[in-house]
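Colleague: I am new to reading models like this one. Could you pick one part, take a close look at it with me, and then lead me on to other parts?

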Amino acid sequence: MKVIITDEISEAGLQTLREDSRIEVDVKLGLSVPELHEVIGGYDAIITRSGTTVDAALLDCATNLKIVARAGVGIDNVDVDYASSKGVIVVNAPFGNTNSAAEHTMAILLSFCRNVTIANASLKSGEWKRAPFTGHELKHKTMGVIGLGKVGGRVALRGKAFEMDVIAYDPYISEKRGTDLGVKLVSLEELIRYADVLTVHTPLNEETKGMITAEHFEKMKDGIIVVNCARGGIIEEEAMLQALESGKVTGAAFDVWSKEPPDTDTLKKLIAHPNMVVTPHLGANTFEAQKNVAVDVSREIINYIDGKPMENAVNIPKFDPDLMEQMRPFMELISKLGEFICQLAPANPDKITFSYNGKLARFDCAPLTVCGLASLLNKQTEVEVNMVNARMIARNMGIAVEEVRTTESESFSNLVSIQLESSAGTRTIAGTLFEGMPKIVKMRDYKTDFQPEPHMLVINYEDRPGMLGKIGTILGEANINIGNMNLGRREKAGEAMVVFSVDTPVEQETLDKITAACDARFIKAIRMQ
């Protein structure tokens, strides 16, 4: 895999990529847009920060691109929707710089409250003044946190450590999250009304852009302090400037701007205001954070090569991080089921149903469904199918996809099933985990019990004495060694299905001999990746 790095990334964090012989890393900083468009077609992955815009024009030139890796939290410089339409995975590093961002929030807040920046400049100029720099304590003040996610939650805890009363607004988190943090969840209107310090920690999107307006500033307490260490544009900057100039806001501390570098008149006035503490987007700019985010995206690229689930892909359905280790074996199981049945069933089914029975059904199984769908469709289309574009490709093929969950399961604590419906009939496969390993326990209405192997042979025939012996003899004559065999049948001397795992592929000539010898109703050589 060839990887291009277009922005400054921690060398220590990239060491995991450089040590992998399968990966070729090219560092090409400072490329112009035309230069990047010219070379991007030769790469499988790109690692960026905020300095590279991954837009539709770039993606159209990136004919071999599999992954866009953003070494940081924000992905506003990546056209995720267009990348998804092309089956390109977009990953970020949502955890690597959370601590740095939270600490920087407190740093610039405290810098304002204790006049650190102007007192520092005064003393360095040779002055000895103390009276002009009387500050504010945080103790017993109310901190209003907008966005109680990874960073916001850490800021809330640090506010409590300063003996602040902390309230928060976040419509997407549970009451339990607030309780665990010791934070009272309130409406945005309540937070605006009661906060002495307001700090925002949300992503920048259509919902949050311009979230705090002049109307909100009017409803705030006189003398409020406002902090933005998240994304520029969440707080309307013109309204922020007016609130500072009117004295409604005592002061503010900003690390981020709607345009970076900031060059508009409003931003220049805002930055120059004496009651503003400002930094040039330094929230994630620590040695530790830069190393962490580089390590995180490097690991995701290696996960992709190894065929493992990608934990931080923003355009793939994924489990809660706490569930990932528990669910990883089920992703392997459903991938094997999809790969197996697509080689047995007629192409272009009308409907695919994914069923989850047992304890597994308590959780959101959408990531499993997409994983199984990608595995199933990947052999049925010329386009590479992955978890990014699987649903879109199924929709374009006219395939209905359904998901069924029930906690009831008769024979297994967990059972995963895939059913394909077409004009040729219905095909079903089901599997479970045994000691963490995938096992197929049902094919059509036959009970089975085998692990998927690289080379397998499935035969359906009328069960008569000597049939297995004939099959074994023909395979032996072709110098094909049988590893395991599993026989399923409905009744004695009835129709049977046998599944062999073999050490080497079975050629068509051998399949024809077996078909003739046992009058096979169905025979198929299976090749698993």
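Modeller: Let's begin with Ile-474, which counts as buried because its relative accessibility is 12% (buried means under 20% relative accessible area, exposed over 50%, and partly exposed in between, with a 1.4 Å probe and protein chains only). Before we go on, please keep in mind that this is a predicted model, where local features need pLDDT of at least 70, side-chain atom pairs count only at pLDDT 80 or more, and totals for chains, interfaces and linings use all residues. Residues are numbered from 1 along each chain as its sequence is written, and side-chain values use heavy atoms, with hydrogens and water left out.

Ile-474 belongs to helix α17, residues 467–477 (helices, H or I with at least four residues, and strands, E with at least two, are DSSP runs numbered from the N terminus). If we set aside neighbours within four places in sequence, Ile-474 is in contact with Thr-510, Lys-513, Ile-514 and Ala-517 (contact means heavy atoms within 4.5 Å). Take Lys-513 from that list: 39 residues along the chain separate it from Ile-474, yet their C-alpha atoms are 7.2 Å apart.

Now for the rings. The whole structure holds 2 aromatic pairs (rings of Phe, Tyr and Trp, the last by its six-membered ring, pair if their centres lie within 6.5 Å; planes under 30 degrees apart are stacked, over 60 edge-to-face, the rest tilted). One of them joins Phe-254 and Trp-257, a tilted pair with 5.7 Å from centre to centre and 45° between the planes. Both of these residues, Phe-254 and Trp-257, are buried. Phe-340 and Phe-450 also pair: their ring centres are 5.7 Å apart and their planes meet at 50°, so this pair is tilted. Here the pair links distant parts of the chain, 110 residues apart, with Phe-340 in helix α14 (residues 324–341) and Phe-450 in strand β18 (residues 446–450). Phe-340 and Phe-450 are both buried.

Lys-2 lies over the face of Tyr-43, 4.9 Å from the ring centre, and Lys-439 lies over the face of Phe-434 at 4.5 Å (the NZ of Lys or CZ of Arg must be within 6 Å of the ring centre and within 35 degrees of the ring normal).

Next come some backbone details. Between Glu-260 and Pro-261 the peptide bond is cis, with omega near -5°. You will find Pro-261 in the loop between β11 (249–254) and α12 (265–272).

His-140 is not a glycine, yet its phi is positive, near 70°. Look for His-140 in the loop between α6 (116–124) and β6 (142–146). With a relative accessible area of 59%, His-140 is exposed.

Glu-435, which is not a glycine either, has a positive phi of about 50°. Its loop runs between β16 (425–434) and β17 (437–443). Glu-435 is exposed, at a relative accessible area of 73%.
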